[in-house]
Amino acid sequence: MEESTSPKQEKENQELGEARRSWDVKTAASPQYSEPASFEPLEAKQGLETGRQSRSSRYWSPQSGARTSLGGSAGPETSSPAPLSPRESSSTPSPLAPAIQDLGAPPQSDRTTSVIPEAGTPDPDPLEQSSDKRESTHHTNQSDGNTFQQSQQPHLCGPRAVSYKNANQKELRFDVFQEEDSNSDYDLHQPATGGSEVAPSMLETTVQNAKAYLLKTSSKSGLNLYDHLSNMLTKILDERPENAVDIIENISQDVKMAHFSKKFDALQNENEMLPTYEIAEKQKALFLQVHLEGVDQELEDEIVENALPNVMESAFYFEQAGVGLGTDETYRIFLALKQLTDTHPIQRCRFWGKILGLEMNYIVAEVEFREGEDEEEVEEEDVDEERDNRESEADEDEEDELPKSLYKAPQAIPKEESRTGANKYVYFVCNEPGRPWVKLPPVTPAQIVIARKIKKFFTGRLDAPIISYPPFPGNESNYLRAQIARISAGTHVSPLGFYQFGEEEGEEEEEVEGSQNSFEENPDFEGIQVIDLVETLSNWVHHVQHILSQGRCNWFNSVQKNEEEEEEEDEEKEEPDYIEQEVGPPLLTPISEDLEIQNIPPWTTRLSSNLIPQYAIAVLQSNLWPGAYAFSNGKKFENFYIGWGHKYSPDNYTPPVPPPVYQEYPSGPEITEMDDPGVEEEQAFRAAQEAVLLAAEENEETEEDEDEEDDYD
Amino acid sequence: MDAESLLLSLELASGSGQGLSPDRRASLLTSLLLVKRDYRYDRVLFWGRILGLVADYYIAQGLSEDQLAPRKTLYSLNCTEWSLLPPATEEMVAQSSVVKGRFMGDPSYEYEHIELQKVNEGEKVFEEEVVIQIKEETRLVYVIDQIDKAVAIIPRGALFKTPFGPTHVNRTFEGLSLSEAKKLSSYFHFREPVELKNKTLLEKADLDPSLDFMDSLEHDVPKDGVSLLLPRLECNGTISAHRNLHLLGSGSWSIQMERGNALVVLRSLLWPGLTFYHAPRTRNYGYIYVGTGEKNMDLPFML
């Protein structure tokens with residue numbers, strides 16, 4: 001029986017219940033009238049029930065009005081219950097009454113269903129929908145009761161019990177929220193079963209009042225507390241955070257913020273992620289394989305093999321040492337280097353390191369061009385020099401009345417040719433792998449000399465000006481290049497014996513100096529025990545030339561030139577530094593001879609792992625240039641720098657002292673003058689001259705005497 | 001950085017070249033768990049590494065449930081055995097602030113500091129040289145304390161103040177938005193507020209008491225490069241040149257978006273070596289210090 005009736009009930013529900021749903025929805029959170037009916041004694045008259053029902057509907061109609069008025073579009077809505085309720089109340093207590101009511105309901109319900117979601121929930125939230133659903137299903141059960149009452153079943157008791165049971169069973173399947181809801185229903189109706197019918201309505205009123213209060217819309221935000229609480233609960237139930245009670249404030253805030261942000265963002269185009277896409281687009285180019293076809297394949301392979309360093313292998317070793325960039329960044333740099341070697345005629349390439357900046361960083365690649373393919377800049381420099389010469393010549397042309405400034409700028413020391421000295425390598429930098437590589441200009445000695453006196457952060461923009469006390473000749477790209485030259489000269493080391501002096505090549509041009517400035521790989525290098533590399537520093541040698549205080553690696557004799565031009569005055573002024581040739585440590589000097597920094601050893605060596613020493617590598621760390629590292633596993637080695645590009649000193653940076661003030665010309669015979677000649681002196685002078693003349697006259701005795709005498713008068 | 005998400009954090013912070021070798025990483029993952037158990041910490045942070053000449057100090061910090069409560073600091077030389085450092089006292093600070101130069105890497109190493117002290121002997125006043133011995137461990141405590149107070153930072157909203165007083169990790173923190181992540185005002189000093197009490201009511205008006213209860217970074221000196229520079233650079237005659245410094249947006253922090261806005265990295269210029277990273281819109285954030293443990297006093301000259 002139960003099984004047979006329940007589908008029927010369902011069907012009836014679908015017919016009637018659908019129509020009433022909206023109405024029931026409104027009664028959702030408050031005590032249902034139909035449910036208590038099932039508790040009522042059977043003698044209760046139908047008329048009374050319908051009467052009550054009509055009363056309840058009358059009761060509810062203002063409520064629906066109140067509810068819909070929230071949306072503001074309740075104009076037609078509020079009016080619809082009005083005609084309905086009089087009709088119901090006036091209708092005689094007959095079995096037809098509910099039917100009429102039901103028939104009358106649809107137009108209203110249609111409208112309400114369409115309005116309620118808008119009115120109740122400003123934003124169609126999953127919460128509201130689900131709660132609607134829950135409520136509606138819930139009330140489907142409750143309307144079972146109604147249906148039974150209204151359809152006037154002969155066995156009132158049975159079906160009601162059934163419906164109650166049904167409702168119970170179904171409710172069990174629903175979640176907590178609804179159970180609480182229905183429980184509260186029962187609680188509320190306990191007194192109703194007990195006795196008077198006035199009590200429930202009182203309770204109802206209180207509850208309705210409370211609910212109406214909760215539904216009051218804030219004039220400030222347009223929200224109401226009822227929706228807010230239900231939104232919060234839904235969020236909590238959806239996300240199920242632990243200890244929700246501890247973070248209820250935040251949830252409340254989040255819900256409110258979500259409400260607002262959605263509204264305001266509706267018209268905005270979210271474009272703040274654009275830079276992400278931009279760099280991704282650029283980096284994608286790195287991953288696309290470049291097919292170089294048509295060219296001689298073997299030659300191509302050879303070049304690529306020689307040019308591109310095995311960045312990942314060195315990165316692996318540096319990782320053992322605890323240095324280096326992340327794996328993915330290293331790989332991107334690797335690809336960027338490949339791009340560089342593919343697009344330039346590069347013979348040898350190396351990942352030099354990374355210099356940190358304030359806004360962006362620099363990734364530095366050290367390259368050597370193939371023979372004769374890097375001559376663009378030489379011409380530019382010549383033009384500059386010519387212009388300087390012309391100016392100086394022009395100065396000399398004018399013959400002077402007034403003395404001109406004798407001060408001449410200190411002899412500009414010419415920069416070293418490309419491929420020699422500090423300009424041996426060419427450096428390319430980029431801010432991020434994927435961005436274009438920029439070639440740094442060659443370094444001049446003046447830049448190095450000044451760079452030694454200043455300490456500035458890099459900004460990450462190559463064209464940023466360097467504002468410093470000894471004015472720096474150039475912008476950030478020149479400063480960067482100077483620092484790279486200094487760091488390379490100080491920290492590029494190799495295991496002893498890996499390089500040897502070149503036989504013929506380098507010596508021809510540098511014979512004057514008598515030092516050997518070129519080296520080549522030693523084909524007979526057998527490797528050094530790692531433990532030896534760690535224990536003594538003399539197994540590491542510099543393979544980059546030392547930069548003299550002059551700013552060059554190879555001595556430039558500025559005195560000789562001076563002597564040719566202006567021999568007489570310069571000799572005394574020349575500092576001893578310039579007369580004697582300055583010599584630094586020669587190439588391939590062991591680093592054990594490096595100077596100490598105030599009792600701090602300039603290098604620290606470590607074994608990468610103490611746990612497995614047999615497979616460890618030797619790690620060398622510069623204390624002079626923090627961030628410079630080298631590793632060697634006995635056969636291979638690599639140098640790497642990462643840091644701010646500054647030299648270490650235990651003391652604070654002190655700006656260089658201002659240059660000496662030029663002393664004035666010493667007071668001497670050229671400056672001082674005699675007193676004006678007095679009368680006595682002039683008379684004495686005249687007397688003397690007369691005496692001379694007289695003597696002359698006496699000697700010659702000519703007629704000219706008279707004339708001369710006239711003159712004196 | 002949180003000890004529990006150490007690997008991800010290391011990967012994120014690797015842009016500054018400050019990594020850990022694989023064996024260090026593995027041993028940290030193991031030993032920090034044990035530290036957490038043995039000392040009953042609520043959270044263990046891997047704080048960083050101070051480079052010594054002979055060996056490095058690995059530093060970890062233990063947090064109690066109240067995140068702003070005084071933190072316990074531990075150090076280790078081999079990442080396996082940890083020893084607890086005493087909290088920094090006034091006396092320690094006074095002693096250690098005179099020591100300069102690099103750390104040695106030996107906790108029992110003693111720095112000698114010669115100080116002139118006036119000794120009254122009868123009527124005469126002598127100046128006597130007194131040699132003060134300072135243990136490196138004491139200096140380590142001091143330096144860590146200094147760094148923590150100056151540059152330990154967290155994003156806004158990562159912690160919240162409960163109504164009962166203690167500060168907890170905010171579970172609902174979902175990361176800063178991109179626009180917020182680029183501003184210094186979205187980051188707080190990870191310490192008890194100092195400046196906050198000095199603010200005017202007007203400045204406090206917009207603050208959310210449950211989130212804005214710490215000092216934000218934007219008021220760090222040098223603020224925009226100008227305020228602190230002026231008195232010191234006057235001797236150089238380059239003041240006018242430095243006036244436009246604030247255009248660089250620097251101050252004592254360098255803020256960068258890396259990996260195409262997927263990662264924001266803050267580097268302290270005052271304590272070079274401290275890197276803070278945060279992936280916007282995720283909960284991944286943290287800081288690590290890898291450096292020599294020396295303050296950059298040349299900052300005004302370098303900007």
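**Close-up 1. The side chains of A:Arg606 and B:Asp56 form a polar contact of 3.2 Å in this predicted model.** A polar contact here is a pair of N or O atoms within 3.5 Å, where within protein one atom must be able to donate a hydrogen and the other to accept it, and where residues adjacent in sequence count only if both atoms are side-chain atoms. A polar atom of the A:Arg606 side chain also lies 3.1 Å from the backbone oxygen of B:Gly52. A:Arg606 belongs to strand β9 of chain A, residues 603-607; helices (H or I, at least four residues) and strands (E, at least two) are DSSP runs, numbered from the N terminus. Apart from neighbours within four places in sequence, the residues in contact with A:Arg606 (heavy atoms within 4.5 Å) include B:Gly52, B:Leu53, B:Val54, B:Ala55 and B:Asp56 from chain B, and A:Val534, A:Ile617 and A:Gln621 from chain A.

**Close-up 2. A salt bridge links A:Lys455 to B:Asp298 across the two chains.** The side chains of A:Lys455 and B:Asp298 meet at 2.8 Å, N to O, a salt bridge being a side-chain nitrogen of Lys or Arg within 4 Å of a carboxyl oxygen of Asp or Glu. The count between chain B and chain A is 3 salt bridges, and the interface also holds 16 residue pairs in polar contact, with both residues at pLDDT 80 or more. On the side of chain B that touches chain A, the elements giving two or more residues are α2 (22-39), α5 (178-181), α8 (239-242), β11 (253-258) and α9 (299-302) of chain B. Among these elements, β11(B) supplies the largest share, 5 residues. This side of chain B comprises 20 nonpolar, 20 polar and 15 charged residues, where Ala, Val, Leu, Ile, Met, Phe, Trp, Tyr, Cys and Pro count as nonpolar, Asp, Glu, Lys and Arg as charged, and the others, Gly among them, as polar. The contact as a whole takes 55 residues from chain B and 56 residues from chain A. The area buried between the chains (the accessible area, 1.4 Å probe, that two parts lose on being put together, summed over both) is about 4500 Å², of which carbon and sulfur atoms give 49%.

**Close-up 3. A:His543 is a buried loop residue of chain A.** A:His543 sits in the loop between β8 (540-542) and α22 (558-565), and counts as buried because its relative accessibility is 8%, the classes being buried under 20% relative accessible area, exposed over 50% and partly exposed in between (1.4 Å probe, protein chains only). The side chain of A:His543 makes a polar contact of 3.2 Å with the side chain of A:Ser494. Not counting residues up to four places away in sequence, A:His543 touches, among others, A:His492, A:Tyr499, A:Phe519, A:Leu587, A:Phe637 and A:Asn639.

**Close-up 4. A:Leu225 lies in helix α11 of chain A, residues 225-239.** With a relative accessible area of 40%, A:Leu225 is partly exposed. Beyond residues up to four places away in sequence, A:Leu225 touches A:Leu214 and A:Lys216, while its C-alpha atom is separated by 9.7 Å from that of A:Lys211, 14 residues apart along the chain.

**Notes to all views.** Residues are numbered from 1 along each chain as its sequence is written, and chains are lettered from A and ligands numbered from 1 in the order in which they are written. Local features of the predicted model need pLDDT of at least 70 and side-chain atom pairs count only at pLDDT 80 or more, whereas totals for chains, interfaces and linings use all residues; side-chain values use heavy atoms, with hydrogens and water left out.
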